[in-house]
Each structure stands twice: as C-alpha cells, then as structure tokens.
Amino acid sequence: MNRLKYNWLICRAVAEVTYKEWSAYRTHSLVSVIVGPVYFMVQYFIWTAVYGGQTTLGGLDLQQMIRYFGATALIGYLIMDFADWNLSMLVRTGKFLTFHLRPVHHRSFALFQKLGHRMLGFLFEFLPCLLIFIYIFGIDMRPASLPWTLVSVLLAFLMNFYVNYTIGLTSFWLVQSGGIRSAFLLVSGIFSGALIPLDFFPHWLQVTQLFLPFQYIAYMPAMVFTGHYSLGGLQLSLPEAVGMQAAAVLIMFGCNELVRRRAMKQFTAVGA
C-alpha cells in the first residue's frame, strides 16, 4: 500500500512538473488556437459546398457534420500525444537507462507526463477554441451525453497513448522509429476519422476499422459526442459504443505490454 502511494505521489509530481515546464512555452500552445479554427473553417467551406442542396450525407446532415468536425478538433487537443517520439529519443541517446533504473515504470512516467502536458493544452488550446467555435462560428458544442462523452474521450486519450508508446518501443529494434511514426500519422489521419467521417468509406473498409485502433482515437468519441454511433452496418447505443471502446483499449494495453516485455529483453546498456 505504501509503495502504491509512493508511486502515485511520484506520478502526480511528474504531471505537475511537466505542466510547469511546458507553461514556459505556452505561446506554442496558443498557435493552435489559430491553426485549429482555420482548419475548421476550411472544413466548413468544403462540406457546405459538398452538401449543396442535399439534406444528408453518410447519415449526417450539414449541422451534424459541422459539429462532428468541431468535436474532432477539440478532442484532438485533449488526446494529443508524443510518447513515441520521446521514447525513441531516450533509446537513441541512451538516456532510457536512467529511467530503467528508477522504481517507477517508464510507461507510467510517460502517461503522467502526457497528462500534465494536456492539462496545459486544455487551458491554452481546448478552452479558447471551444469559445471560438461557440461564439464566433455559432456552433452548438453541447454533447448529446456529457458523462459518456467524457468517458469516451478518456478512453481515446489512453488508446492514443498506448498506440504511440507501442510505436516508440520499436526503437529497441530499429533505434530510430521516425519512419514508423510518420507512416502511423498518415494512416491514423485517414482512418481515425479526423479528416473524413468513416461512414464515407466502402463497407468492407468500415468493417475492417472495427478491428483496428484508429477509429477509437477520434471517430468513436466524436460520434458519442453527436449522440449516435454506426459503422460497417453496426449501430450501437452510447453505452454499447463506449463499452466496445473500453474493450479495444484493454486489448491495446495487452498488446503494448507484450511488446514492452520483448523490448526489455532486447534492451542492453553499459554503465549507469
């Protein structure tokens, strides 16, 4: 019990220190306040033109589509992750050894590091953009169910972390995982639903996404936000969708743990 309390105090301190550290560079976060709305505005003009005189596309009307992209933009601020880049850097420079010798698991350290970083993002990215979407663009950004949306975003936060941390673990074999990271960002951008709702993909590709981690990062929490979830002919209530997302996160955690254990067997270092 004392050890658990000790580890918790350390992880909380990591989150607080990360928050304070990145607070020195909060102007970097403020840039997103400009980039996010500009990107959203481009999406708004594109989809307004695509709809034309049509009432619905992919089961969504224009207002739902606009709310969907507003939700994906805001969710992106809350779940943004750099665990893969950071872990790759530690392995490449040999600094991972110092973490390997510490009593707290590096994965826990990285998770709370991300938490502290996103606390800053919540204040300087999420909240300003939310206000811009509501008061400048006039979008109704009230979730269909706040409790289920919060749980879904939390699960997306974890899914994005475990996926990225798994990519970072490949550095123990490749040393430099930048290529895999670039490929993942490309594939994730397309198949997570951040660029286009997955409803517009062919049926077989929609079904495939049910077994891949990408949709659980952006598409599912955005659809939970709008109040309905359907993909590949599967229609779920909000509790069912969030339950499936939770199961996917547990599976991803299991995969991450398997890769981590193999990576630790691969790890070699000299000195301390």
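In this predicted model, the side chains of Asp81 and Lys114 meet in a salt bridge, with an N to O distance of 3.4 Å. Asp81 lies in the loop between α3 (62-79) and α4 (83-93) and Lys114 lies in helix α6, so the bridge ties together parts of the chain that are 33 residues apart in sequence. Asp81 is buried, because its relative accessible area of 8% falls under the 20% limit. Lys114 is buried as well, with a relative accessible area of 1%.

The structure holds six salt bridges in total. Side chains of opposite charge can pair when their charged atoms come close.

| Salt bridge | Distance (N to O) |
|---|---|
| Asp81 and Lys114 | 3.4 Å |
| Arg107 and Glu257 | 2.9 Å |
| Glu125 and Arg118 | 2.9 Å |

The bridge between Arg107 and Glu257 connects helix α6, which holds Arg107, with helix α12, which holds Glu257; the pair therefore ties together parts that are 150 residues apart in sequence. Arg107 and Glu257 are both buried. Through shared partners, salt bridges join Arg107, Glu257, Arg260 and Arg261 into one network. In the remaining tabulated pair, Glu125 and Arg118 are likewise both buried.

**Helix α12 and its surroundings**

Helix α12 comprises residues 238-266, 29 residues in all, and reaches 42 Å from its first C-alpha to its last. This span is close to the 42 Å expected at 1.5 Å a residue. The buried residues of α12 are Leu238, Ala241, Val242, Gln245, Ala248, Val249, Met252, Asn256, Glu257, Arg260 and Ala263.

Which residues does Tyr162 touch, not counting residues up to four places away in sequence? They are Arg107, Val249, Met252, Phe253 and Asn256. Tyr162 itself is found in helix α7, and it counts as buried at 11% relative accessibility. Tyr162 and Val249 are 87 residues apart in sequence, while their C-alpha atoms are 8.2 Å apart in space. Among the contacts of Tyr162 is Arg107, the residue that forms a salt bridge with Glu257.

**Aromatic pairs**

A pair of aromatic rings is described by the distance of the centres and the angle of the planes. A search of the whole structure finds 17 aromatic pairs. One of them is formed by Phe40 and Phe137, which are 5.0 Å apart centre to centre with 75 degrees between the planes, an edge-to-face arrangement. This pair links distant parts of the chain, with Phe40 in helix α2 and Phe137 in the loop between α6 and α7, 97 residues apart. Phe40 counts as buried at 2% relative accessibility, whereas Phe137 counts as partly exposed at 28%.

The rings of Tyr162 and Phe253 have their centres 5.3 Å apart and their planes at 65 degrees, so this pair is also edge-to-face. Tyr162 in helix α7 and Phe253 in helix α12 are 91 residues apart, and their pair links distant parts of the chain. Phe253 counts as partly exposed, at 32% relative accessibility, while Tyr162 counts as buried.

**Surface patch and a local contact**

A nonpolar patch on the surface is formed by Ile34, Val35, Val38, Met41, Val42, Tyr44, Phe45, Ile46 and Val50, which together have about 790 Å² of accessible area. Val42 lies in helix α2 (residues 26-51) and is partly exposed, with a relative accessible area of 42%. Helix α2 also holds Phe40, which counts as buried.

Ile180 is found in helix α9 (residues 178-191) and is partly exposed, with a relative accessible area of 32%. Leaving aside neighbours within four places in sequence, Ile180 is in contact with Ile167, Thr170 and Leu174. Ile180 and Ile167 are 13 residues apart along the chain, and their C-alpha atoms are separated by 7.1 Å.

How values were computed
Residues numbered from 1 in each chain as written. Predicted model: local features only at pLDDT ≥ 70, side-chain atom pairs only at ≥ 80, totals over all residues. Heavy atoms only, no water. Helix = DSSP H or I, 4+ residues; strand = E, 2+ residues; numbered from the N terminus. Expected span 1.5 Å × (residues − 1). Buried < 20%, exposed > 50% of the residue type's maximum accessible area, 1.4 Å probe, protein only. Patch = residues over 30% accessible without salt bridge, like charges linked within 9 Å, V, L, I, M, F, W, Y side chains within 5 Å. Areas by Shrake-Rupley, 256 points an atom, 1.4 Å probe, with all protein chains shown as cover. Salt bridge = Lys/Arg side-chain N within 4 Å of Asp/Glu carboxyl O. Phe/Tyr/Trp six-rings, centres within 6.5 Å; stacked < 30°, edge-to-face > 60°. Contact = heavy atoms within 4.5 Å.
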